[in-house]
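Please examine the sequence and the model shown below.

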Amino acid sequence: MQRSFFARQPSVLIFISLLALFTIAIVILSEGFGLGLVSTSFVKILGKTLCLCLVAIAMDLVWGYCGILSLGHFAFFGLGGYMIGMWLMYERTKDIVIASLEGAALPPTAEEIREGIGTQIFGVVGGSDIPVVWYFADSLFAQLALVVLVPGLLALVFGWLAFRSRVTGVYLSILTQAMTLALSLYLFQNDSGLRGNNGLSGLQNIPGLTDMPQSVLSVWFFLASALALSLGYLLAAFVVSGKFGNVIRAIRDDEARIRFMGYPVEAYKLVVFTLTAVIAAIAGALYYPQAGIINPAEIAPIASIYLAVWVAIGGRGRLYGAVIGAATVSLLSSWFTGGQAPSVPLGFYTINWVDWWQVLLGLGFVLVTLYMPQGIGGLFDRFIRKDAP
Amino acid sequence: MSSLLEVTSISVSFDGFKAINNLSFEIGGQELRAIIGPNGAGKTTFMDIVTGKTRPDEGRVRFGEPQLDLLRLSESQIARAGIGRKFQRPTVFEAQSVRDNLLMALSNDRLPFAVLGYRETPRDDERVRALATEIGLSGELGRKAGELSHGQKQWLEIGMLLAQDPKLLLVDEPAAGMTLGEREHTTDLLRRAAETRAVVVVEHDMEFVRRLDCKVTVLHEGSVLAEGTLDHVTANSDVIDVYLGR
């Protein structure tokens with residue numbers, strides 16, 4: 001008979017327990033709630049890392065399990081960030097505008113407030129009208145819905161067109177890169193309505209919570225990210241554990257065969273592609289309020305390629321592998337590029353890690369591919385007893 | 001006897017080469033049929049057309065009762081309508097257990113959300129066990145399909161086709177690379193399958209066809225050259241010419 005969900009997915013309980021312990025430890029050590037041993041900026045880095053782990057899980061689901069090497073999932077991540085960023089920026093600017101008009105003899109009209117917001121936000125791109133895409137920006141509920149709907153619909157339409165034409169393999173990867181590039185180029189334009197290359201900023205300030213210091217806010221976002229990661233891990237484990245997981249692995253291994261067994265392969269791919277796009281978008285919506293700023297460079301094609309590199313280094317086809325890869329590489333990356341890594345003087349030349357980190361990452365990727373094709377996560381196989389029948 | 005599959009004057013050409021040329025073919029509801037023919041006779045293309053992988057340039061393909069026009073359906077729809085296909089190379093999902101392979105093949109709902117909510121029932125468990133016994137793999141249910149021998153993989157694939165419970169089973173060279181004992185087991189499986197459904201076997205190997213002891217259709221250059229018992233067709237002078245050269 002069928003074993004229980006947790007018996008088939010032993011990593012779920014272990015992962016969630018470890019994450020819970022880690023979360024508690026960080027809260028205790030944080031500036032906002034505890035001993036103050038962990039700085040607020042580091043709590044933010046950790047919170048952001050958890051979001052990156054979540055998008056890596058999405059990538060693992062779509063690539064490691066279903067075999068679709070999407071090089072566009074960071075576009076969905078970025079779109080999620082933009083959608084929440086619009087609300088954050090609009091509401092905060094509205095508060096500022098209202099405060100600045102307070103001293104006037106007459107109370108400000110709605111028209112004046114709108115004009116003030118328009119000038120404040122779009123002055124940098126030479127406009128003062130609020131573009132139509134900001135229609136829902138003063139409703140948190142609507143923008144939260146858009147976090148899911150915009151990337152979800154984009155993935156649905158893109159996936160439907162690509163999968164029904166039987167675009168697979170490297171051609172699909174190229175197509176997803178093209179989508180990402182097109183989106184990022186579009187957002188770079190000043191008249192895209194999303195402030196061109198300035199992007200959205202000041203996202204770390206949460207409207208309505210202006211009295212809450214960043215040290216406290218950062219811990220709340222960290223907790224929210226941890227919760228989202230646990231839920232994402234649970235969802236992904238549920239998706240891959242049952243018959244659905246067997247079918248998508250079968251699609252990865254031999255698409256034609258499973259099609260002749262009567263499974264509508266395109267529909268499965270579309271479900272997985274769209275679901276993972278939505279997970280990526282939610283991760284992005286949690287990430288950018290912690291980063292404080294989002295601009296089109298975040299959606300550049302290279303970001304999505306990095307995502308694939310994290311999953312490959314961590315070990316694809318295993319959810320904890322994606323988490324390990326994303327956490328290791330992104331933390332190392334922020335250490336090396338953050339200027340904390342000591343430069344190595346060689347006499348004739350000084351290795352400056354900000355420049356050389358990319359080389360190191362490239363070498364690491366090549367070495368993992370050659371000598372550890374299962375990734376870092378593959379090391380755990382040695383400790384785990386072969387799956388009993 | 002009304003026919004289950006009716007293929008009427010289909011033709012298909014690839015870059016000017018006529019792979020199938022005005023081919024017509026019929027098979028009844030419970031019948032075992034062998035299709036033989038030299039290389040390039042159009043055997044595999046014929047299967048591709050019936051299973052929806054290739055679209056013919058002209059002709060009709062009708063299946064079942066009430067009749068379905070297979071040319072309007074996708075591969076997965078055709079499979080769900082009741083046509084199973086076994087490829088020449090054994091293709092089982094090697095990374096998954098024998099049990100999971102069979103479970104995936106069982107004729108349950110195949111649409112994504114139904115599969116997402118699927119819970120294994122005792123009845124499914126029973127069916128998997130019964131199938132495993134039938135194909136002689138009941139001791140191997142927990143093993144990875146990739147660890148099986150070549151012959152066992154072929155049986156697993158036949159078992160997966162039986163699990164689909166198709167009305168028509170198309171089998172491409174089942175005996176290739178098998179030992180004598182494995183061939184006997186395979187013949188038994190196919191003949192038993194043909195008691196409740198139509199089975200079409202494409203085969204090169206005359207000795208294996210003789211063992212199947214069924215009606216034979218000879219294809220040559222994309223059309224039917226002869227049809228009848230094996231003795232009847234091998235006595236046909238055209239067949240002798242094609243097989244032995246002119």
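A crossing is left-handed if the near helix is turned anticlockwise from the far one by less than a right angle, and right-handed if clockwise. Helices (H or I, at least four residues) and strands (E, at least two) are DSSP runs numbered from the N terminus. The model is a predicted one, in which local features need pLDDT of at least 70 and side-chain atom pairs count only at pLDDT 80 or more, whereas totals for chains, interfaces and linings use all residues. Residues are numbered from 1 along each chain as its sequence is written, and chains are lettered from A and ligands numbered from 1 in the order in which they are written.

In chain B, helix 3 passes helix 5 in a right-handed crossing. Helix 3 of chain B and helix 5 (residues 122-134) of chain B pack at an angle of about 115°, their axes lying 10 Å apart. Axes here are lines fitted to C-alpha atoms, for helices over the stretch in contact, and angles run from 0 to 180 degrees between N-to-C directions. Helix 3 of chain B is therefore roughly perpendicular to helix 5 of chain B, a label given to angles of 65 to 115 degrees, while those under 35 count as roughly parallel, those over 145 as roughly antiparallel and the rest as oblique. R99(B), L102(B) and L103(B) of helix 3 meet D124(B), V128(B), L131(B) and A132(B) of helix 5; two residues are in contact if their C-beta atoms, placed from the backbone, lie within 7 Å.

Chain B also holds an open sheet of 4 strands in the order 2-1-4-5, with antiparallel pairing. Strands pair if DSSP finds at least two bridges between them. Strand 2 (17-28) and strand 5 (68-69) of chain B are at the edges with a single partner strand each, so one side of each has no neighbour in the sheet. Strand 1 (residues 3-14) and strand 2 of chain B are joined in the antiparallel sense over 8 bridges; V12(B) has I20(B) in strand 2 as its bridge partner. Helix 1 (residues 43-50) of chain B lies across strand 1, strand 2 and strand 4 (58-63) of that chain, at about 65° to strand 2.

Turning to the contact between the chains, 25 residues come from chain B and 23 residues from chain A. Helix 2 (75-81), helix 3 (98-105) and helix 4 (112-116) of chain B each supply at least two residues of the side of chain B that touches chain A.

Chain A itself has 14 helices and 4 strands.
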